[in-house]
Amino acid sequence: MTTPPMQMSEARRFQQLRGHLSYLKLNDAAEALNRVLDQARHERMSITAALERLLEVEVEATESRRRAARERFACLPEPWMLSDFDFAAQPGVDEKLIRDLATLRFLDDASNVLFVGPPGVGKTMLSVALGRAAVDAGHRVYFTTAVELANKCRKAAIEGRWKTCMRFFAGPKLLIVDELGYLPLPEDGASALFQVINQRYLKSSTILTTNVGIADWAGAFGDATVAAAMLDRLLHRAAVVGIDGPSYRLRGHQTQADNLRKGVNARVS
Ligand code: ADP
Ligand code: MG
């Protein structure tokens, strides 16, 4: 005969409750059960308060696991945040626009962002900073370079995984494609990139960084028609941020070069 629930011993009930939590895969709550029940007795908490505290443990643990998974998936190359960006060093950048982008409203209407400018001016930094803000806000983000994307697509086509590959690039709420134009794309690369952009068109946002001015895209990507179609999709709803100030990366080198020159001049004179 089974023991009626009312007479079930406290210890057995505790074991059963722990078992239920584990069965439901609420492992962090299961682990915290003893501690939370002790607290509840000590602080004479209501049942509602005790349950709330127990489930809060599980919710926090789940959120931190999900966050870590989003971080890993995003492949952001640096820990850069918007607060690291020195706007004074790049007065050409519209700070108001960047701060507006950082609110992530552009994700709601699937707008794109294009950072256009020469090397070293902070294009990757700003796109990573926006990517980080999106990860923090709970969005799925994926960072890649144009060449890496083209290579992945090419490999997928050869291995008969084209559809899976396209689905992969359609998935993230925010896709960041860095360094378009720095290196020539592999064969069919421009067309693969176009297909990725096209299937995300009006559905989810893409950030693209490039050193090639928009007017020169047709020449730079081999196929003028593909370039025009890609721009058409990208620019339909987009913020274009042209950065034409000095290279931040070269500032240090510039100072070194200046000092060197001064030193040389001092010696000469
Ligand atoms: P780009 O992608 O335009 O070539 P990066 O974003 O890689 O340039 O920036 C080059 C380096 O200079 C990075 O280390 C970046 O952190 C730094 N940097 C560029 N612009 C700024 C800025 N305005 N404030 C602070 N650091 C900057
Ligand atoms: Mg860069």
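**Helix contacts and pockets**

Trp162, Met166, Phe169 and Ala170 of helix 8 meet Ala192, Gln195, Val196, Gln199 and Arg200 of helix 9. To meet, here, is to be in contact, with heavy atoms within 4.5 Å. The model is predicted, so local features need pLDDT of at least 70 and side-chain atom pairs pLDDT 80 or more, while totals for chains, interfaces and linings use all residues. Residues are numbered from 1 along each chain as its sequence is written, chains are lettered from A and ligands numbered from 1 in the order in which they are written, and side-chain values use heavy atoms, without hydrogens and water.

By class, the contact of helix 8 with helix 9 has six nonpolar, two polar and one charged residues. Nonpolar means Ala, Val, Leu, Ile, Met, Phe, Trp, Tyr, Cys and Pro; charged means Asp, Glu, Lys and Arg; the others, Gly among them, are polar. Helices (H or I, at least four residues) and strands (E, at least two) are DSSP runs, numbered from the N terminus.

How do the two helices sit? Helix 8 spans residues 162-170 and helix 9 spans residues 189-200; they pack at an angle of about 55°, with axes 9 Å apart. Helix 8 is therefore oblique to helix 9. Angles under 35 degrees count as roughly parallel, over 145 as roughly antiparallel, 65 to 115 as roughly perpendicular, and the rest as oblique. Axes are lines fitted to C-alpha atoms, for helices over the stretch in contact, and angles run from 0 to 180 degrees between N-to-C directions. The crossing of helix 8 and helix 9 is right-handed.

Helix 9 has another partner. Helix 7 (residues 146-158) packs against helix 9 at about 95°, with the axes 9 Å apart. Helix 7 and helix 9 are therefore roughly perpendicular. Leu149, Ala150 and Cys153 of helix 7 touch Gly189, Ala192, Leu193 and Val196 of helix 9. This contact has six nonpolar residues, one polar and no charged.

Now turn to helix 2 and helix 3. Their angle is about 145°, and their axes lie 9 Å apart. Helix 2 passes helix 3 in a right-handed crossing. Residues in the contact include Ala29, Leu33 and Val36 of helix 2 and Leu54, Val57 and Ala61 of helix 3. By class, the contact divides into nine nonpolar, two polar and five charged residues.

The largest pocket holds about 360 Å³ of space. It is lined by 19 residues, and Gly120, Val121, Gly122, Met125 and Arg249 are the closest to its centre. Helix 6 (123-136) and strand 3 (174-180) each give two or more residues to this lining. Helix 6 gives the largest share, three residues. The lining has eight nonpolar, five polar and six charged residues.

The second largest pocket holds about 310 Å³. Of its 14 lining residues, Glu10, Phe14, Leu17, Leu33 and Leu37 lie nearest its centre. Helix 1 (10-23), helix 2 (27-42) and helix 3 (47-74) each supply at least two. Ten lining residues are nonpolar, one is polar and three are charged. A pocket is an open set of points on a 1 Å grid over the protein atoms alone, where a 1.4 Å probe fits, with protein on both sides within 12 Å along at least five of seven lines; lining residues have an atom within 4 Å of a point. Grid points are joined across faces, edges and corners, and a volume is the space filled by probe spheres set on the points.

Methods: Left-handed = near helix turned anticlockwise from the far one by under 90°.
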